[in-house]
Amino acid sequence: MTAPQMPAAPSPSAPPLALLLDVDGPVASPVTRDVQPGIITDMLALAAAGIPVIFNTGRSDTFIREQVMEPMIAAGMPAGTLIHAICEKGAVWFSYTAEGPGPVHVDRDLAMPSAFGDDVRRLVAEDYAAHMFFDETKRAMVSVEQHVAVANSDYRAEQELFDADAMELMGRHGLGVVRLDHHAPNSDDQIDYRVDPTIISTDIESVRLGKDLGASRAVELLAAQGITPQAWRTVGDSRTDYAMADWLHHNDHPVKHVDVRPADGVPVKPYDVLTATDLGLGAEVIHDDAGAAFLRSWRSALGG
């Protein structure tokens with residue numbers, strides 16, 4: 001497939017593309033949690049060429065600093081390059097340059113009650129520590145994650161049990177909650193929180209959080225720099241990641257979405273959805289291998 005053509009020297013205020021990237025899957029391996037050096041190199045090249053690179057993730061700011069920011073700086077991030085990171089599905093955000101991270105912003109209105117987080121920490125320690133750990137780096141969400149050494153099939157079986165216990169615990173705290181198709185309102189018939197299982201973790205969060213909120217923050221961050229991209233590419237590995245492109249499309253931003261794990265099924269959307277097969281690759285190319293291929297194609301289109 002021929003890479004899409006872009007101008008060799010994008011306008012700083014109107015770049016031909018902006019990239020809004022989920023991290024687990026498209027950028028970081030869901031198996032090792034590490035980022036391929038080639039992905040780091042290509043993201044740096046795109047950012048240096050004037051293409052905004054923005055992360056939109058459920059991960060914490062600590063994870064982004066350690067797994068993405070520090071490798072980018074170590075690889076020779078050009079002075080003046082600014083990368084935005086929207087974390088915890090829009091509740092936390094910060095920006096960084098070659099000099100390091102700027103201030104971390106937290107929307108406290110979207111944070112889980114601390115007493116509930118304390119009880120989940122105890123629950124994991126007492127009943128689930130062999131398969132998962134409590135993520136101490138989250139500022140707004142409450143999250144648990146699979147140990148790298150644990151087989152995913154074993155973790156997923158334990159995850160079902162943990163999620164059920166977490167929902168029961170939320171009821172004891174008077175918190176209305178939804179998990180997939182299961183709704184458990186609070187005493188006021190309200191549902192303010194969700195239990196969101198992924199392939200390697202469970203996030204417990206405000207229902208106001210999501211990849212659509214992250215997309216909104218991304219547009220705001222670029223607007224503050226005087227940047228209006230001509231088009232967007234959103235990249236994710238799950239159905240919930242489509243909310244990035246949904247929000248951009250509904251707010252009149254031209255967008256195409258890249259699904260790096262299309263085995264879940266590609267929904268019908270009013271915008272184009274791309275997979276590795278659109279690059280002439282096999283359907284077995286998924287996750288960060290597919291993410292790497294798309295980054296290379298966009299870099300190639302810039303002549304880099």
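Reader: As helix 1 passes helix 2, which hand does their crossing have, left or right?

Author: A crossing is left-handed if the near helix is turned anticlockwise from the far one by less than a right angle, and right-handed if clockwise; here helix 1 passes helix 2 in a right-handed crossing. This is a predicted model, in which local features need pLDDT of at least 70 and side-chain atom pairs count only at pLDDT 80 or more, while totals for chains, interfaces and linings use all residues. Residues are numbered from 1 along each chain as its sequence is written, and side-chain values use heavy atoms, with hydrogens and water left out.

Reader: At what angle do the axes of helix 1 and helix 2 cross?

Author: Two packed helices are described by the angle between their axes and the distance between the axes. The axes of helix 1 (residues 37-48) and helix 2 (residues 61-74) cross at roughly 70° and come within 10 Å, which makes helix 1 roughly perpendicular to helix 2 (a word for angles of 65 to 115 degrees).

Reader: Which residues of helix 1 and helix 2 meet?

Author: Contact means heavy atoms within 4.5 Å, and on the side of helix 1 Ile40, Met43 and Leu44 meet Val68, Pro71 and Met72 of helix 2. By class, this contact of helix 1 with helix 2 has six nonpolar residues, with no polar and no charged ones.

Reader: How do the axes of helix 3 and helix 4 cross?

Author: Helix 3 (residues 114-128) and helix 4 (residues 152-172) have axes that come within 11 Å and cross at roughly 145°, and their crossing is right-handed. Helix 3 contributes Phe116, Asp119, Val120, Leu123, Val124 and Tyr128 to the contact, and helix 4 contributes Glu158, Leu161, Phe162, Asp165, Ala166, Leu169 and Met170. The residues of the contact of helix 3 with helix 4 divide into 10 nonpolar, no polar and three charged.

Reader: How many helices and strands does the protein chain have?

Author: Helices (H or I, at least four residues) and strands (E, at least two) are DSSP runs, numbered from the N terminus, and the protein chain has seven helices and 15 strands.

Notes
Axes fitted to C-alpha atoms, helices over the stretch in contact; angles between N-to-C directions. Parallel < 35°, antiparallel > 145°, perpendicular 65-115°, else oblique. Nonpolar A, V, L, I, M, F, W, Y, C, P; charged D, E, K, R; others polar.
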